[in-house]
Amino acid sequence: MTTEDAMTTEDATTTEGFGSAEGVGGAEGIGSAEGVENVAAAGPAAGLRARRVSRTADGRVILDGVSISPAPGATVGLLGPNGSGKSTLLRLLSGVLAPASGVITLDGRPLAGLGRRDIARRIAVVEQQTDTQVELNVLDVVRLGRTPHRRAWTPPSPADEEAVRDALARTGLADRAHQSWHTLSGGERQRVQIARALAQEPRELLLDEPTNHLDVQHQLDLLALVTSLPVTSVVALHDLNLAAMYCDRLVVLREGRVVARGTPGDVLTEELIAEVYGVRAAVTRDGSDGRPHVRFLGTVSPPAPR
Amino acid sequence: MTRPRVGLLCAAGAALLVASVAVAITIGPADIGVGDVWSVVASHLGWGSTELSPIRDGIVWQLRLPRTLLAAVCGAGLAVCGAVMQSLLRNPLADPFVLGVSSGASTGAVVVVVLGAGGGLVSVSAGAFLGALLSFGLVLLLSHILGGTTDRVVLSGVAAMQLFSALTSFVVMTAADAETTRGVLFWLLGSLSGVGWTDVWVCFAVLVVTLAVCLAYARTLDAFAFGQDAAANLGVSVARTRLVLLCATALLTAALVSSTGAIGFVGLVLPHAARALVGSGHARLLPVAALAGAVFLVWVDTLARTVLDPQEVPVGVVTSLIGVPVFVLVLYRTRRTR
């Protein structure tokens, strides 16, 4: 896709493009037109992008013309109520599902034209909740991350072992390598899955509600870990305050369409929360670094008496 | 838990297998020693001559050796198929027969034996093989139509199993006399009596090829631990892997079943026993499961042909009689205490 295509196909009425030229820190405060120009400046090719992707299932529209282009190194939060298309968008981005229309590109090349193995060397996925009946320890699970890098019949290379050690160290699991998967708590399992994803040595990390079923401490730990990693992350989240605290940019989906995007400060307004979630909220600016903090007051229309 | 070195374990298993085959051959009505076995084998391989009488030579070379070797090949093959199926379909109850292969084979064999299909040109083995492939094809088609997920494969297999069992019973009940029924029943339960060198070589060749394919996919199979999507996200092309491995294991099962009938339980139990021994990594699991299955079936068949001597018990009956308690014991020892 050429630069001109990118300019014309982008929907300029929404805040578009995440200013890939500026890297992690530079993702803040980019308005709509400016964002598009930044995309053009960096070349439309860099990283993982969805361009006007749609997907239907059983005649129902799940995603309708969604575009996202996370800046390299940034953490992008996907928000939206249940059924808004967050998980489907992540599955399209990982190439497990194919879009009905539109295109997902990785460095400018359509994902559909890449082999599963090549994709897995670039993009790692952490699913919502995972379990297995197989007897595995932490090390076994993290080693699975080397699958796309290894050939049949060959023992693990020094590079494989190094990547596994590194992933365990980053996630603070080095001393639990031999603990059985089945004895781990939910938070620990998610941490192990992130270590497994890191062992893939990805540049893009996709996480689908990774904090579900975790206690507060583990939620914060996990997102702090994700944001500290030197990868581009796209995280589907339910908790608006967690999203405000940890994400560089937010994309809000409702019924398969993007209804807002930008920094947490721009996106998380009382109006948007009322419109998208049907919830009355008070948004203050007293989060860390002046980030928004959402306090829920009740539903917009109280439930009708039975 | 520390896991034993897999190389060491395989070497020990191979030694145990050779010793088991040699000793198992000596057991039986005709008095033959291990030394006799070696000298017969050596003479047939052209390394010297044997002083044994032609009859005793024949008992070793024509009867007991092919039978024992086929037991080993069959045990190894069923265990490998079971291990692969259980991982691929993420179902600890999956076994080589879950794809309807054995029931299809039974129907094929019964149609040949009872109805005389093929006019004597088609052997029982060939009929069984055709039936197995037909049934497997039906399962693949059904599971594809029904959505192609692993649970659909298992359910299609169960459906095919029921269908072909009913067909088999129907043919036997309506067309067979008592004597034929007894013979068919013996075959259905699995038996290694009367097998020849052709069976051994065919099954051995299919086993080697299938084992090589499965070992090449060992790492891919590991990646299925957390399900198909997780495997896909680890770079596995799920549909191709499943097709290759289902076809390979179905072919091996079809080859084994058409020579020996449906020997149950080996493919279900031995993989679990092997996992308890070396863990679930397939590069270690598959060779160990193969050796364990081989040794297991050699001894179970020996028991089956001697315990009620001169009458023979179908080996499938003995595998289940021994297998169930062993299965419970293995599961008990590896039960999860949280």
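1. Crossing of two helices in chain B. In this predicted model, α1(B) passes α3(B) in a right-handed crossing; a crossing is right-handed if the near helix is turned clockwise from the far one by less than a right angle, and left-handed if anticlockwise. Helices here are DSSP runs of H or I with at least four residues, strands are runs of E with at least two, and both are numbered from the N terminus. Helix α1 covers residues 6-26 of chain B and helix α3 covers residues 54-88 of chain B. Axes are lines fitted to C-alpha atoms, for helices over the stretch in contact, and angles run from 0 to 180 degrees between N-to-C directions.

2. Residues at the crossing. On the side of α1(B), the contact is made by B:L17, B:V21, B:A24 and B:I25. These meet B:V60, B:R64, B:L65, B:T68, B:L69 and B:A72 in α3(B). Two residues are in contact if their C-beta atoms, placed from the backbone, lie within 7 Å. The residues of this contact comprise 8 nonpolar, 1 polar and 1 charged. In this classification Ala, Val, Leu, Ile, Met, Phe, Trp, Tyr, Cys and Pro are nonpolar, Asp, Glu, Lys and Arg are charged, and the others, Gly among them, are polar.

3. Basis of the model. Residues are numbered from 1 along each chain as its sequence is written, while chains are lettered from A and ligands numbered from 1 in the order in which they are written. As this is a predicted model, local features need pLDDT of at least 70 and side-chain atom pairs count only at pLDDT 80 or more, whereas totals for chains, interfaces and linings use all residues.

4. The nonpolar core. The largest nonpolar core has 181 residues, and B:A79, B:V80, B:A289 and B:A292 touch the most other members. The largest share of this core, 19 residues, is supplied by α3(B). Such a core is a set of buried Ala, Val, Leu, Ile, Met, Phe, Trp, Tyr and Cys residues joined through C-beta atoms within 7 Å. A residue is buried if 20 or more other C-beta atoms lie within 10 Å of its own, exposed if 12 or fewer, and partly exposed in between, with C-beta atoms placed from the backbone. Beyond residues up to four places away in sequence, B:A79 touches B:V266, B:G267, B:L270, B:P271, B:A289, B:A290, B:A292 and B:G293.

5. B:L115 belongs to helix α4 (residues 101-115) of chain B. Why is B:L115 classed as partly exposed? The reason is that 13 other C-beta atoms lie within 10 Å. Leaving aside neighbours within four places in sequence, B:L115 is in contact with B:V171 and B:A175. The C-alpha atoms of B:L115 and B:A175 are 7.1 Å apart, although 60 residues separate the two along the chain.

6. The contact between the chains. Chain B contributes 19 residues and chain A contributes 22 residues. On the side of chain B, α9 (218-222) and α10 (228-233) are the elements that give two or more residues. The largest share of that side, 4 residues, comes from α10(B). By class, the side of chain B has 9 nonpolar, 5 polar and 5 charged residues.

7. Chain A has 11 helices and 12 strands. Two strands pair if DSSP finds at least two bridges between them. Strand β9 (residues 249-254) of chain A is joined to β10(A) by 5 bridges and the two run antiparallel; here A:L250 stands opposite A:G262.

8. Further strand pairs in chain A. Strands β1 (residues 48-57) and β4 (residues 101-106) of chain A pair in the antiparallel sense over 5 bridges, with A:V103 in β4(A) as the bridge partner of A:R51. Strand β4(A) is also joined by 2 bridges to β5 (residues 109-110) of chain A, again antiparallel. In the hairpin of β4(A) and β5(A), 2 residues lie between the strands, and A:D107 takes a positive phi near 50 degrees.
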